[in-house]
Amino acid sequence: MDQNSFKQTKTRRGFTYSYHFSAPVGDKPTLLFCHGFPTPAHVWNKVVAFFEPLGYGIVAPDLLGYGGTDKPTDPKFYIGSGHAQDVVDILDKENIGKVIALGHDWGSRVVSRIANYHSDRLIACAFIGTGYGPPASAMADPITLSAQIKEAMGYDVLAYMQYFIHPDTPVMLEKNFDSFFSLLFPVPTTAEQPEEIWKENMCVAGGAKAWIEANRTTALPPHISPEDKEYYRGALLGGGLTAPLCWYRVLVEKCNQEDDAKVPEKSHHLDKPVLSVAFTKDPICLPVFANTSHAQYIKPENLTNAEIDGDHWAVMSHASEVNKVLLRWIEDLKV
């Protein structure tokens with residue numbers, strides 16, 4: 001995606017969004033790509049580059065807090081209904097009725113809320129690396145579940161979140177950006193154990209903070225070029241990291257709980273075709289979390305499961321495998 005070709009629109013909430021758009025060819029459906037932390041729409045480059053030439057329509061926004069999109073620093077603007085409405089406003093701007101929505105990382109939360117609040121705009125949805133996230137009224141705040149998850153999994157999967165929601169964290173991450181980048185995009189320690197940097201630092205109480213304050217760095221992983229890193233540096237430091245970290249801070253804000261409680265109980269359950277792509281070497285977004293959620297909220301006949309032997313960033317490192325899984329599922333939808 002050429003960043004110079006991104007369009008802009010103002011949503012009804014008053015935020016200016018930047019997004020990549022290309023119209024579908026013939027009767028091909030439009031694919032909506034929702035990214036996560038700390039990656040603007042750029043994370044989808046290899047996937048978009050595969051599907052766009054095939055004639056699929058593409059909508060890939062820089063979500064709130066990222067890239068060319070506005071960056072409010074009050075967590076109240078990061079509630080699920082707000083994200084969902086903003087994205088629907090982009091679809092309306094381009095006169096797109098329905099889409100196949102794909103979410104990675106926090107982008108799965110956006111797709112989840114579109115499914116909850118605007119299911120009429122979906123043909124189907126795919127949760128990639130991270131599963132469907134039901135409203136908080138049906139699931140406790142994940143940070144408060146940390147001890148239970150640690151007991152079940154044997155390590156503190158969500159330890160890093162406590163650091164990410166601290167008010168002093170953005171300044172330190174900006175100051176030691178190379179260290180932050182190395183932690184979030186770790187080079188594999190070995191071919192067999194690529195997840196160890198996360199397990200030993202992100203998943204240990206105080207580990208992420210210690211890594212950043214020590215200004216530890218590593219080489220780039222093979223799937224990220226120096227040019228990619230510089231793009232992320234400019235996109236993130238240009239507006240600061242306070243806004244992107246609001247995606248975490250809103251989890252512990254009362255406004256998030258109140259917003260999720262507005263979702264009718266019947267809308268917690270998804271009635272569209274769903275694809276769940278698990279990354280087996282991701283030590284944080286474990287496949288078991290998605291499996292548990294999907295078993296409760298998605299009928300088996302609507303669910304397709306797939307696994308890829310990669311870590312959290314397999315949309316970049318294993319893009320060809322991701323593309324094959326997505327294409328096969330989309331073609332099977334026969335839309």
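Val 288 is partly exposed, at 36% relative accessible area (partly exposed lies between buried, under 20%, and exposed, over 50%, with a 1.4 Å probe and protein chains only). This is a predicted model, in which local features need pLDDT of at least 70, side-chain atom pairs count only at pLDDT 80 or more, and totals for chains, interfaces and linings use all residues. Residues are numbered from 1 along each chain as its sequence is written, and side-chain values use heavy atoms, leaving out hydrogens and water.

You can find Val 288 in helix H13 (residues 287-297); helices (H or I, at least four residues) and strands (E, at least two) are DSSP runs numbered from the N terminus.

## A strand with covered faces

Now look at strand S4 (residues 57-62): six of its six residues are buried, so the rest of the structure largely encloses it. On one side sit Gly 57, Val 59 and Pro 61, on the other Ile 58, Ala 60 and Asp 62, all buried.

S4 pairs with strand S2 (residues 16-22) in the antiparallel sense over five bridges, where pairing takes at least two DSSP bridges. Here Tyr 19 stands opposite Pro 61. With strand S3 (residues 30-34), S4 pairs in the parallel sense over three bridges, and Thr 30 has Gly 57 as its bridge partner.

## Cysteines on their own

How many disulfides are there? The count is zero, with a disulfide taken as two cysteine sulfur atoms within 2.5 Å. For Cys 203, the nearest cysteine sulfur belongs to Cys 285, 9.8 Å away. Cys 203 is buried at 3% relative accessibility.
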